[in-house]
Amino acid sequence: LDPIVLSIATGPVVVAAYGLASRIGLLVTVLPSALYPLYWANFSRLRVAGDLERIRQTYRKELILVVVGTVVLGIIFVAAGPHLAALLSAGKVQRPMLLYCSVAILGVFSAVQTITLPLLGGTKTAPRVALLVFGLIIPNEFLSYFLSRLVGAAGPILASIAASLT
């Protein structure tokens, strides 16, 4: 929904900047995306075994590794992303630094969620997690519209960061 909300709030030029940055920004989430299925398998196995101490140790270790790796990818993205966008668009698309920094920060929050959701994904907590995630969609889109009017292309990303913090 972000491109639609962004286009209503700001117009197609800003949507182009958002689209290009968000696609190049997939670089930031490569590590957590690749490891996501592994986390589900490992944490499910540990939950079944009931080994709470091992769950805590594994969570801390994996959280540190994936966050550090994602921060490194985020730094690379912020440094190279605008230049790559200029190259790919022949300089026709805006490259606001706030947008690129926001995408990198959201990538780090996504990495934390990638580790945490499988840990919380048991049968008792899954309905609450799903309600929280889906319950934030409408408020997030309103915030996205407001922030898009205020700061431009980074608006939807900043709204997603706010949703991640709740």
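My entries below run from the whole chain down to single residues.

**Ground rules**

I am working with a predicted model, where local features need pLDDT of at least 70, side-chain atom pairs count only at pLDDT 80 or more, and totals for chains, interfaces and linings use all residues. Residues are numbered from 1 along each chain as its sequence is written, and side-chain values use heavy atoms, with hydrogens and water left out.

**Entry 1: the whole chain**

I began with secondary structure, taking helices (H or I, at least four residues) and strands (E, at least two) as DSSP runs numbered from the N terminus. The protein chain has eight helices and zero strands, so I read its pattern as α-α-α-α-α-α-α-α. I then looked at the extent: along the principal axes, the C-alpha atoms fill a box of roughly 55 × 30 × 20 Å.

Next came contacts, meaning heavy atoms within 4.5 Å. Of the contacts in the protein chain with a separation of 6 or more, 75% are between residues 24 or more positions apart.

**Entry 2: surface and charge**

How much of the chain is buried? I used under 20% relative accessible area for buried, over 50% for exposed and partly exposed in between, with a 1.4 Å probe and protein chains only. By that count, 37% of the 166 residues are buried.

Accessible areas come from the Shrake-Rupley method with a 1.4 Å probe, and for residues only the protein chains shown count as cover. The chain's accessible surface is about 9,300 Å², and carbon and sulfur atoms hold 73% of that.

For charges, I counted Lys and Arg as positive and Asp and Glu as negative, leaving out His and the chain ends. Each charge was placed at NZ of Lys, CZ of Arg, CG of Asp or CD of Glu. There are 12 positive and 5 negative charges, and their mean positions are 3 Å apart.

**Entry 3: the nonpolar patch**

Patches are built from residues with over 30% relative accessible area and no salt bridge; like charges are joined within 9 Å, and nonpolar side chains (Val, Leu, Ile, Met, Phe, Trp, Tyr) within 5 Å. I found a nonpolar surface patch of about 890 Å², made by Leu1, Ile4, Ile8, Phe134, Ile137, Ile138, Phe142 and Tyr145.

Which helix gives the most to the nonpolar patch? That is α7, with four residues, while α1 (2–9) and α7 each supply at least two. I checked one member: Ile137 lies in helix α7 and is partly exposed at a relative accessible area of 33%.

**Entry 4: Ser144**

I stayed on α7 (residues 137–151), where Ser144 also sits. Is Ser144 buried or exposed? Ser144 counts as buried because its relative accessibility is 0%. Leaving aside neighbours within four places in sequence, Ser144 is in contact with Asp2, Val5, Gly155, Pro156 and Ala159.

**Entry 5: salt bridges**

How many salt bridges does the structure hold? I got two, with a salt bridge being a side-chain nitrogen of Lys or Arg within 4 Å of a carboxyl oxygen of Asp or Glu.

One joins the side chains of Arg56 and Glu53, at 3.9 Å from N to O. Both residues lie in helix α4, three residues apart, about one turn of the helix. Arg56 is partly exposed at 45%, and Glu53 is partly exposed at 42%.

Glu62 and Lys61 also form a salt bridge, their closest N and O atoms being 3.5 Å apart. Here Glu62 is buried, with a relative accessible area of 16%, whereas Lys61 is partly exposed at 48%.

**Entry 6: the α4–α5 loop**

Ala90 is in the loop between α4 (52–88) and α5 (97–120). I noted its phi near 55°, a positive value in a residue other than glycine. Ala90 counts as exposed because its relative accessible area is 58%.

Pro96 is found in that loop between α4 and α5 too, and is partly exposed at 28%. Leaving aside neighbours within four places in sequence, Pro96 is in contact with Ala17 and Ala153. I also looked up Pro96 and Ala21: they are 75 residues apart along the chain, with C-alpha atoms separated by 9.4 Å.

**Entry 7: Leu165**

My last stop was Leu165, in helix α8 (residues 155–165). Leu165 is exposed, with a relative accessible area of 60%. Its C-alpha atom is separated by 8.3 Å from that of Phe109, 56 residues apart along the chain.
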